[in-house]
Amino acid sequence: MKWSTSILCLSAVAVGAFASPQGVPVLSEYTRLWNVCEAGEPNSYVGVQYADGFVTTFNYGECYPYELPVHGVAAMAVFCKSVTCESNPNPDCTGGAVPPVPVPVPAALTLINVADFVQLLGQGATCQPNGLPL
């Protein structure tokens, strides 16, 4: 519950803001990441921008590390599809789910990594298509 509460609170802040504390224009980056996600493979569910500006997508079942050694910590993520995710304690998504309950994530959710909070949730996530209409 702590994980889902954090996500909901952060998404409300992200949607209502025009710029992140790091000076990233949230609305334009949201649109950019949404478009990257939508243009990705059919199984792409999230567009992610890392600290150095590198942008990528992740597919269902693929490990989504919260930090990439070459690109730094994830700075912003936009989910273009509803998914159910499990956060893992290791960047290769091993070690079991933390918390041990899958978390539903609705499409259009935006996460902005303020003060590297994402690493408090774990080091990576694995997400599957959400069976619920969110």
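Strand 4 and strand 5 form a hairpin in which three residues lie between the two strands. The structure is a predicted model, so local features need pLDDT of at least 70 and side-chain atom pairs count only at pLDDT 80 or more, while totals for chains, interfaces and linings use all residues. Residues are numbered from 1 along each chain as its sequence is written, and side-chain values use heavy atoms, with hydrogens and water left out.

**Exercise 1.** Work out how many helices and strands the protein chain has, and in what pattern they follow one another.

*Solution.* Begin with the terms: helices (H or I, at least four residues) and strands (E, at least two) are DSSP runs, numbered from the N terminus. Counting such runs gives two helices and nine strands in the protein chain. Reading along the sequence then gives the pattern α-α-β-β-β-β-β-β-β-β-β.

**Exercise 2.** Find the strands with which strand 5 pairs, and state the sense of each pairing.

*Solution.* Two strands pair if DSSP finds at least two bridges between them. Start with strand 4 (residues 67-68), which pairs with strand 5 in the antiparallel sense over two bridges, and note that L68 stands opposite G72 in strand 5. Next comes strand 1 (residues 44-50), which runs antiparallel to strand 5 and is joined to it by five bridges; here V46 stands opposite F79 of strand 5. Finally, three bridges join strand 5 to strand 8 (residues 110-112), again in the antiparallel sense, and the bridge partner of V78 in strand 8 is T110.

**Exercise 3.** Decide whether strand 5 is largely enclosed or open, and explain why.

*Solution.* Buried means under 20% relative accessible area, exposed over 50%, and partly exposed in between (1.4 Å probe, protein chains only). By this rule, seven of the eight residues of strand 5 (residues 72-79) are buried, and therefore the strand is largely enclosed by the rest of the structure. For the protein chain as a whole, 39% of the 134 residues count as buried.

**Exercise 4.** Locate N130, classify it as buried or exposed, and list the residues it touches beyond four places away in sequence.

*Solution.* First, N130 lies in the segment after strand 9 (124-129). Second, N130 has a relative accessible area of 14%, and so it is buried. Third, taking a contact as heavy atoms within 4.5 Å, and not counting residues up to four places away in sequence, N130 touches S82, V83, T84 and P104.
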